[in-house]
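Here is a friendly walk through the model shown below. Keep the viewer open as you read.

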Amino acid sequence: MIRSEILKEIAPILRNELVVCNIGIPSQELHAIDDQPSNFYMLGTMGLASSIGLGLALAQPKPVIVIDGDGSILTNLGTLPTIGNNAPGNYILMIIDNGSYGSTGDQPTYTSQRTDLAGMARAAGCARVVEVQDKDTGAALEEALASGEATVLVVKCDSGNAKMPVITMDPVVIRDRFMKAVAG
Amino acid sequence: MNIDKRIADVLAANGVSFVTTVPCKQLAGVIEEIDQRDDIFHIPSNKEDEGMGLCAGAWMGGKRPAIIMQNTAIGVTINTLATLIQYYRMPLPMLISYRGELREPVACQVEMAVHTKALLAQLNIPTYHFHWQRDVEEFDNILKYTFMCNKPVAILTDANFWGGYGDQ
């Protein structure tokens with residue numbers, strides 16, 4: 001499965017939760033598959049989805065699901081120790097690990113070679129780290145939500161992108177409706 | 001009153017309850033003060049752009065955030081300031097140790113100091129420079145201004161403000 005197929009499958013789970021979604025094609029895919037006010041789409045700033053989600057989870061009690069990618073985690077690796085030492089039980093970091101920089105033309109990342117993100121998350125102090133294959137994402141995500149424990153979920157899948165339109169919504173609108181969903 | 005406690009008190013009085021820091025020798029006292037307080041949650045960052053992500057999330061979660069960092073971080077965070085904090089129009093007070101200014105003992109620090117105000121000006125970031133300890137009187141107004149306009153705002157604090165640096 002590729003990322004967009006996973007997102008389609010887990011959309012009914014994501015719909016009810018606060019979601020912080022990674023820059024580029026992941027946000028375009030989520031927006032096209034199931035746009036919700038409770039989705040925060042990153043339009044820039046590669047690498048910070050996990051940090052934004054962590055700040056959000058620390059600031060309020062609702063569950064927060066971050067949809068991140070292997071390339072974005074690799075560009076902000078300092079996030080893993082911060083998560084490992086601070087993440088509250090309402091924080092789920094789901095890394096769609098397709099071994100490539102999807103938004104820029106599917107150049108390979110180091111996770112397609114020798115680098116193991118689940119191992120890095122464990123070494124950084126993350127207590128609940130789960131690695132699954134694409135088809136098992138929904139069940140693993142529901143388990144993570146039910147566990148009430150901070151979870152890093154590494155989803156191994158195929159490289160590839162669905163052709164989806166660019167998000168043209170104003171960033172302040174995205175942010176404002178998201179904050180209303182957080183407070184609602 | 002001790003300057004570190006005064007800064008933390010003004011943060012708390014303005015409802016700032018989520019502070020992330022990347023350390024600097026000049027900021028050690030204020031970071032320690034913030035770490036010990038019950039009314040402010042302190043989360044150290046490994047890099048300043050990561051810290052700004054944490055602050056963005058905390059603000060969307062209903063907390064007033066702040067970041068404490070060194071001016072070298074301006075070189076690290078320009079993209080984050082432009083495409084996250086400014087693009088989504090979020091407030092972010094940045095209490096910045098202004099290394100490389102008067103009474104600085106380390107020559108390399110001057111290399112970023114000479115670019116600091118120019119970079120902040122290029123980004124249209126409101127910028128205040130604390131040189132004398134009495135300048136801290138403006139801190140309360142600056143925080144109110146930041147959360148009024150939902151912009152990143154820089155408060156540059158040099159070695160003279162902190163009472164000198166080492167033996168200089």
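## Where the chains meet

The contact draws 26 residues from chain A and 25 residues from chain B, two residues being in contact if their C-beta atoms, placed from the backbone, lie within 7 Å. On the chain B side, β2 (41-44), α3 (48-60) and α4 (74-86) each supply at least two residues; helices (H or I, at least four residues) and strands (E, at least two) are DSSP runs, numbered from the N terminus. With 9 residues, α3(B) gives the most to that side.

This is a predicted model, in which local features need pLDDT of at least 70 and side-chain atom pairs count only at pLDDT 80 or more, while totals for chains, interfaces and linings use all residues. Residues are numbered from 1 along each chain as its sequence is written, and chains are lettered from A in the order in which they are written.

## Two helices of chain B

How do α3(B) and α4(B) pack? Their axes, lines fitted to C-alpha atoms over the stretch in contact, lie 8 Å apart at an angle of about 20°. The two helices are therefore roughly parallel (angles under 35 degrees). Residues that meet here include M52(B) and A56(B) from α3(B), and L84(B) and I85(B) from α4(B).

## Chain A

Chain A has 8 helices and 8 strands.

Notes. Axes are lines fitted to C-alpha atoms, for helices over the stretch in contact, and angles run from 0 to 180 degrees between N-to-C directions. Angles under 35 degrees count as roughly parallel, over 145 as roughly antiparallel, 65 to 115 as roughly perpendicular and the rest as oblique.
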